[in-house]
Amino acid sequence: MSELSLFLGCVAPNRYPGIEAATKKAFSKLDIELDELDGASCCPAPGVFKSFDKVTWLTLASRNLALSEELNDDILTICNGCYSTLKDANDELKSNSNLKETVNKNLTETGHNFKGCHDVRHIIEYLSQEVGAEKIREQVSDPLDIKVAVHYGCHLIQPLKESGSELVKDSVTFFDELVEATGASSVDYKDKMLCCGAGGGARTAILDATLKMTDKKLQNMKDADVDCIVNACPFCHLQFDSGQKDVNSKYHKQYEIPVLHYTQLLGLAMGFSPEELGVDMNVTGTDSLIEKIK
């Protein structure tokens, strides 16, 4: 029986469906069943809705959490922003009975009720804590001899810090360890923990400013001579993939660094084809990466 429901969010199904496919294939290989979360909505985005109306933000988030509770599951996110929203909402409602009561009054109109009986997991946090790099390494049939720039992203690290997770108490290496379990090498680079630039609605509101940040991070990755970028967030993925083309156009650069979600990297190491994982649907530099891993 599954104990996890898969929360897809907005960006993956609409822009990068290969991430969904890769997640399901990789988890199947690890013998982890994922329930479908039918009827889920936007998380909603942590940097937008919450700043306008907190109760509405919590109501929308708690409906998604309630859907997962009804399956008796923890909810698994494949996106940093979704993780931040759902974890923050879950923790706040669990600790504030008055707010929980207010939100549940709103939820009665949808036929759901938030109980606060389950947890929110991020795919990298879950794989690190519940599966471990060694078990992942055992499922690798095609080790990847490539150099990777790992991008953690803001909304993965901050919620873990706030919850006091052991993963971020000392040096932060848990994502790098999962990458290296695929046979790839995680390459250190300048300003590794810098934001991709897109979060908090910034990509929509102030695109030029976000591209400056993305350009800086791409240059640092290029200087480290990596073969690809690996992230665990479809929105960061979008900023590095499609945003890379925007940077090239705006600043007359020639970046061609392929971008993979971790599940796509893991799927390749498990022997799935690039087409099965949607790698060929990414925008930037995919042909060169596919050729290199053959």
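## A partly exposed glutamate

Glu-276 is partly exposed, at 37% relative accessible area. Partly exposed lies between buried (under 20%) and exposed (over 50%), with a 1.4 Å probe and protein chains only. Glu-276 sits in the loop between helix H14 (262–269) and helix H15 (286–293). Helices are DSSP runs of H or I with at least four residues; strands are E runs of at least two; both are numbered from the N terminus.

The model is predicted: local features need pLDDT of at least 70, side-chain atom pairs count only at pLDDT 80 or more, and totals for chains, interfaces and linings use all residues. Residues are numbered from 1 along each chain, and side-chain values use heavy atoms, without hydrogens and water.

## Helix H7

Helix H7 spans residues 123–131; 7 of its 9 residues are buried, so the rest of the structure largely encloses it. The buried residues are Ile-123, Ile-124, Glu-125, Tyr-126, Leu-127, Ser-128 and Val-131. Gly-132 follows H7 with a positive phi, near 95 degrees.

## Overall fold

The protein chain has 15 helices and 8 strands. Of its 294 residues, 54% are buried. The C-alpha trace spans about 55 × 45 × 35 Å along its principal axes.

The radius of gyration is 19 Å, in agreement with the value near 19 Å for a compact globule of 294 residues. That rule is 2.2 Å times the number of residues to the power 0.38, and the radius is taken over C-alpha atoms.
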